[in-house]
Amino acid sequence: MDSLGTPRIRFVLAALSLAVLALLGLFTLWPGASPARAGQQGRAFRQELEHRLSEDFVLRKQGLAFHHGLLWDLFRTAPTDRVWRGRNGWLFLAHDHEPEAFRAEQPFSTEALAGWQRFVEQTHAWASARGITFLVAVVPDKSTTYPEELPGGVAPVGAKSRLDQLAERLGHHPAFLDLRPAFNAAKPAGLLYRRYDTHWTGLGTHVAYRGILEGIRVSRPALPRPRDLSEFRVRRVTRTGDLGEMLNLWGGPYESYEELVPEWPLRLRASTGGEPLLAAGERGAVSFSQPSPATSLVLYRDSFGTHLAPLLADHFGKTEVHWSRVIDFDLVERAAPQVLVLEMVERYLQLPEIPASPLDRAVDASDECGALPAAAAGTGGSPVAGVVEQVTARGGQLQVHGWAVDARAGRPAASVLVCWGGRGVRVVPRLPRPDLARAWKTEQLAAGFRAELPLTGAVPESCAGPEVFATDGQGERGRLPAWGRCTVEAGVASSPQP
């Protein structure tokens, strides 16, 4: 609920700011300030005044807040297109892919769905071969869990959401966890998402924690069971949320909700040296440790993992937490954990990127470059299409950007080989390229690549310096030419712009 008296306070402060704005408006019509009377000097004065009003005016924010308050209090609508005002005062995210996810406007293409399946299955196989339990946990959006609170007229237009498609394809796979059933089952127990925020209440955090840990325990039954709700103390707090802040109102809107505080003494030590429950909110890498047990966890997560990470970490001797949706498999191999978890919220399934599996990593191909026959340099009748778009020398590394398409199949090339200075590296094109998708008249075409290899010797004088070859799905190879506007940059990191 909004704090008591907040609308009245907003109107009083807004009236004061309007009075000041009116005085300034009259001031601009004063003869001494008239541009017509003062000529060039007057025009300069007017420009300066406009700048002051738009950039430096002390009550500008209050004026905007007044306008937003009118929309919120009188017209019962959200004053920004980034937020939906739902039923019973609920707020919902109206951008960052959540509307498309709920409406099921853009289902996965056959290629994209197969790419996700490939990622889960190959990563699971790779992890199992190393004694690692791998789990992808997809968190439902707030709109998915509480569709009854959405504003009127907001409804699915497609038959299946992307999460529906993934659940059908991977629902029985041990490495895939759809948390929607757990959240739907827990709704009668209490509020799971905050009304003015995109994130969970304490109860919602517990539902996700319990679901993920039970998913891990399917293959790791020796792990301690999830803590019961009775082992937490309920703390009621009153504050606004990220959606409430987007409204830019004076004093709120505020809501009262419940957080869960562990009643048992947490033995976790955070690498930041601070309180574990606060350290988990750091955007960089954070690690937790405790004397026992001997098991370890690597967790890749988004903002929903802030309150989730310490609860999961309590079941492991060592936990590494990374705020990222991209798994660094080299890092995982060095860490050698018993468990690897990727947590992500449903709306990010709308992104065009398909996660890379461990088999997509760059591999050393220096021997292959040295054995290339001279005939490989030919480009006539090439089975692949593509170009080298950018070469960057940075930090002792040579980065080569470009794209490569299997010309016969109209899909990304199977692999790209980059050779320079006696070294070589092989990568798989996985970067999304909407421009190529339009050219090939397909929904998406993740055919971009970036290869990186040690810079030995001088920086190439042109983009044609590194030898770059692409291989199609039938194993045939063709050389990629340098794009006409391709340049070599030293000490600058830049993305190619076709």
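Q: Is Cys369 buried or exposed?
A: Cys369 is buried, at a relative accessible area of 14%. Buried means under 20% relative accessible area, exposed over 50%, and partly exposed in between, with a 1.4 Å probe and protein chains only. This is a predicted model, in which local features need pLDDT of at least 70 and side-chain atom pairs count only at pLDDT 80 or more, while totals for chains, interfaces and linings use all residues. Residues are numbered from 1 along each chain as its sequence is written, and side-chain values use heavy atoms, with hydrogens and water left out.

Q: Which residue is joined to Cys369 by a disulfide?
A: Cys419 is the partner, with an S to S distance of 1.9 Å. A disulfide here is a pair of cysteine sulfur atoms within 2.5 Å. The structure holds 1 disulfide.

Q: What parts of the chain does that pair tie together?
A: Cys369 belongs to helix H15 (residues 366–370) and Cys419 to strand E16 (residues 415–420), so the link ties together parts that are 50 residues apart in sequence. Helices (H or I, at least four residues) and strands (E, at least two) are DSSP runs, numbered from the N terminus.

Q: What about the handedness of the link?
A: The link of Cys369 and Cys419 is left-handed, with -80° about the S-S bond.

Q: And Cys419, buried or exposed?
A: Cys419 is buried, with a relative accessible area of 6%.

Q: Which sheet does E16 sit in?
A: E16 is part of an open sheet of 5 strands, in the order E12-E17-E16-E19-E20, with antiparallel pairing. Two strands pair if DSSP finds at least two bridges between them. The edge strands, each pairing on one side only, are E12 (363–364) and E20 (477–479).

Q: How many bridges join E16 to E19?
A: There are 5 bridges between E16 and strand E19 (residues 467–471), and the two run antiparallel. Leu417 has Phe469 in E19 as its bridge partner.

Q: Changing topic, how many helices and strands are there in the protein chain?
A: The protein chain has 16 helices and 21 strands. Of its 498 residues, 48% count as buried.

Q: What is the span of helix H10?
A: H10 (residues 202–217) has 16 residues and reaches 22 Å from its first C-alpha to its last. That is close to the 22 Å expected at 1.5 Å a residue, where the expected span is 1.5 Å times one less than the number of residues.

Q: How many of the residues of H10 are buried?
A: H10 is mostly covered, with 14 of its 16 residues buried.
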